[in-house]
Amino acid sequence: MSVVDRQEWDVVVVGAGGAGLRAAIEARERGARTAVICKSLFGKAHTVMAEGGIAAAMANANENDNWQVHFRDTMRGGKFLNQWRMAELHAREAPDRVWELETWGALFDRTKDGRISQRNFGGHEYPRLAHVGDRTGLELIRTLQQRIVALQQEDFKETGDFESRLKVFQECTVTRVLKNGDRVSGVFAYDRESGRFFVLQAPAVVLATGGIGKSFKVTSNSWEYTGDGHALALLAGASLLNMEFVQFHPTGMVWPPSVKGILVTESVRGDGGVLRNSEGKRFMFDHVPDVFKEKYAESEEEADRWYEDPDHNRRPPELLPRDEVARAINAEVKAGRGSPHGGVFLDVSTRMPAEVIRRRLPSMYHQFKELADVDITAESMEVGPTCHYVMGGVGVDSDTAAARGVPGLFAAGEVAGGMHGSNRLGGNSLSDLLVFGRRAGWHAAEYAQGQTDRTPVDDAAVGAAAAEALRPFSAPAEDVAGPPENPYALHRELQQTMNDLVGIIRRETEIEQALERLAELRVRARRVTVEGHRQFNPGWHLALDLRNMLLVSECVARAALERAESRGGHTREDRPTMDRRWRNVNLLCALTRPVGNPAEPDPTDVLAAPGPAHGPIRLTRETTPSIRPDLLALFEKEELVKYLAEEELYE
Ligand code: FAD
């Protein structure tokens with residue numbers, strides 16, 4: 001299609017959050033001409049919202065910390081389902097990535113003796129989160145952007161063009177990864193403002209598109225998180241790993257309704273905040289599961305002593321991993337001991353002087369004052385679980401971030417699966433973005449440089465992608481009987497379905513019901529039509545995002561139905577315990593047929609499934625590789641017995 005502009009690059013990075021920017025910097029530094037493309041304004045990625053900090057075993061606050069302890073905490077947090085090699089690389093490399101940020105201009109909060117300050121967070125044995133107040137993500141993105149500008153200035157000196165080797169396409173959305181045969185050949189995208197289509201040709205594409213939260217009604221995530229990268233990977237023939245694991249952060253705002261779901265950072269608890277029910281009880285002591293009993297305080301006195309003397313006391317149970325705290329809050333509310341608006345109370349006002357609260361938690365202070373008219377230095381906050389993060393994602397090679405089975409496709413950050421197992425520890429995402437963003441950029445550059453015979457993108461694939469993107473402007477096809485549908489109404493129904501039926505607590509019958517509703521929504525989504533034209537048209541944008549959310553939601557529901565146990569971010573009320581037989585089982589979702597291949601009868605209609613009851617997703621099981629013995633040796637045998645499957649223990 002000659003109307004579609006084309007540009008040629010070595011590496012295209014989709015997403016300009018922490019993972020995307022770190023990947024782009026690495027690819028450019030390794031000599032690859034690199035394009036970054038993002039849906040929102042440059043600098044406004046989701047990473048900006050990260051508050052608490054970056055987890056890295058720098059041992060600044062406790063000299064006993066090291067990468068092995070961080071590895072152990074991460075594996076425990078993920079209930080041993082983590083891709084262990086990723087957890088190892090992450091724990092080993094995170095401190096270097098934080099230091100590197102400082103050399104590029106980041107300024108972290110300091111300890112009294114001038115070292116980078118590190119704060120406590122749930123599931124981390126020692127204070128480990130390098131932070132900038134509660135605005136760490138902003139500093140991270142600001143620093144990476146600054147590094148990109150510095151590289152562009154270097155390029156200008158040499159070539160006279162700032163964008164000759166590193167260019168950002170902002171407010172542009174990718175709708176397809178293009179392939180020629182088996183290999184990636186670029187991306188198809190549209191400019192959100194003009195609606196103009198364009199193609200970036202490249203042998204290597206890095207997906208760094210973040211999460212899926214906008215498929216759920218109550219979420220801490222912003223509008224961009226529609227699971228695009230997850231869906232792009234599926235459509236390109238990759239598999240998604242363990243999509244049942246969705247993290248519900250225990251503390252989102254619950255009131256007023258307009259701000260429901262907005263995050264209340266874990267730093268509030270890390271810095272001493274406590275959770276109470278309507279009876280004023282610190283209820284977390286009643287909710288410590290057996291696997292964590294030895295490590296957590298049994299009384300308020302011991303818990304409070306820990307803040308001053310962590311070496312001789314056990315941690316407060318408010319600092320259990322997020323899945324445990326979210327479930328406990330849910331149970332308290334269900335038992336009738338919730339706050340007036342259906343949450344519980346989070347209190348710092350009786351725990352710290354007002355000026356310390358304002359200094360250490362400035363965003364939280366302003367957030368509650370401005371959005372809820374609550375002064376957190378004098379009153380408790382009302383909080384409850386909110387959909388926050390997806391542990392499932394593109395199945396990748398641990399060392400190279402290459403998507404399994406699709407040469408030229410890479411994934412890093414929240415869109416990639418494996419690193420966090422069944423539950424992510426707070427702070428481990430920002431470090432994940434830096435460690436694996438760098439690795440993805442490095443290997444994408446190397447891969448691109450090795451591709452000497454670059455085949456151009458296939459015209460038919462470009463035509464099919466353009467037709468797919470334009471379809472919401474036309475009347476529904478004749479085989480799709482029924483009235484036209486509104487994308488906003490459909491989105492609301494999808495969010496309600498996922499929230500009610502595949503939310504924090506799941507049941508077999510409800511997940512089955514969700515799959516039926518998703519099947520109906522999928523049929524109706526084929527009738528979505530929008531008015532107006534292609535110039536900045538949010539209804540059209542949402543209509544295109546719906547395809548992604550429906551695909552991803554089906555993956556979450558199918559995997560949630562299959563995994564007949566409770567583990568991390570997947571709680572089945574009808575299978576309430578963790579089952580060791582599932583410890584080494586990965587669930588992989590892929591498309592049932594190769595959609596996007598122009599040779600197929602209707603390549604543009606991914607939502608057209610064989611029948612209403614069967615979605616386009618196929619689910620398979622795989623056995624995880626054995627954990628390396630020297631890494632297993634970092635744990636006590638008694639602890640491993642709680643997690644590992646019988647045959648693994650035998651080995
Ligand atoms: P993002 O930062 O979301 O970037 C995604 C990028 O992809 C964006 O640029 C977006 O525009 C682009 N994109 C998406 N789809 C498309 C498309 N189709 N075409 C083109 N571009 C596209 N983690 C921690 O470790 N510590 C914390 O303290 C912390 N606090 C958090 C606080 C909040 C409120 C939230 C919501 C999350 C927090 N997290 C934290 C989690 C962490 O911020 C995210 O997991 C992380 O930022 C994800 O980074 P990313 O680079 O993968 O994606």
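Colleague: How far apart do the C-alpha centres of domain 1 and domain 2 lie?

Modeller: In this predicted model, the two C-alpha centres are 34 Å apart. The assignment places residues 5–53, 134–245 and 391–458 in domain 1 and residues 250–386 in domain 2.

Colleague: What makes you say that domain 1 and domain 2 are in contact?

Modeller: A contact requires C-beta atoms within 7 Å, and 10 residues of domain 1 are in contact with 17 residues of domain 2. On the domain 1 side, the touching residues comprise 2 nonpolar, 5 polar and 3 charged ones.

Colleague: What share of the contacts in the protein comes from residues 24 or more positions apart?

Modeller: Among contacts with a separation of 6 or more, such pairs account for 75%. Buried residues, for their part, make up 56% of the 651 residues.

Colleague: Which residues touch the most other members of the largest nonpolar core?

Modeller: They are Val11, Val206, Phe410 and Ala411, in a core of 187 residues. Helix α15 (residues 538–562) supplies the largest share, 14 residues, and domain 1 and domain 2 each contribute at least three. In soluble globular proteins, nonpolar side chains tend to be buried together. Beyond its neighbours within four places in sequence, Phe410 has contacts that include Val206, Leu207, Ala402 and His443.

Colleague: How do the residues of the shell around the ligand divide by class?

Modeller: There are 15 nonpolar, 21 polar and 5 charged residues. The shell holds 41 residues, with Gly15, Gly17, His46, Gly210 and Gly413 the closest. Two or more residues come from each of α1, α4, β8 and α11, and α11 gives the largest share, 4 residues.

Colleague: Why is Val333 called partly exposed?

Modeller: Val333 has 19 other C-beta atoms within 10 Å. A buried residue needs 20 or more and an exposed one has 12 or fewer, so a count in between is partly exposed.

Colleague: Are Ala59 and Asp373 buried, partly exposed or exposed?

Modeller: Ala59 has 18 C-beta neighbours inside 10 Å and therefore counts as partly exposed. Asp373 has 9 other C-beta atoms within 10 Å and is therefore exposed, the limit for that class being 12 or fewer.

Colleague: What kind of peptide bond joins Trp255 and Pro256?

Modeller: The bond is cis, with omega about -5 degrees. Pro256 lies in the loop between β13 (246–253) and α6 (267–270).

Terms used: Residues numbered from 1 in each chain as written. Predicted model: local features only at pLDDT ≥ 70, side-chain atom pairs only at ≥ 80, totals over all residues. Contact = placed C-beta atoms within 7 Å. Core = buried A, V, L, I, M, F, W, Y, C linked by C-beta atoms within 7 Å. Domains from an automatic or database assignment. Near = placed C-beta within 6 Å. Nonpolar A, V, L, I, M, F, W, Y, C, P; charged D, E, K, R; others polar.
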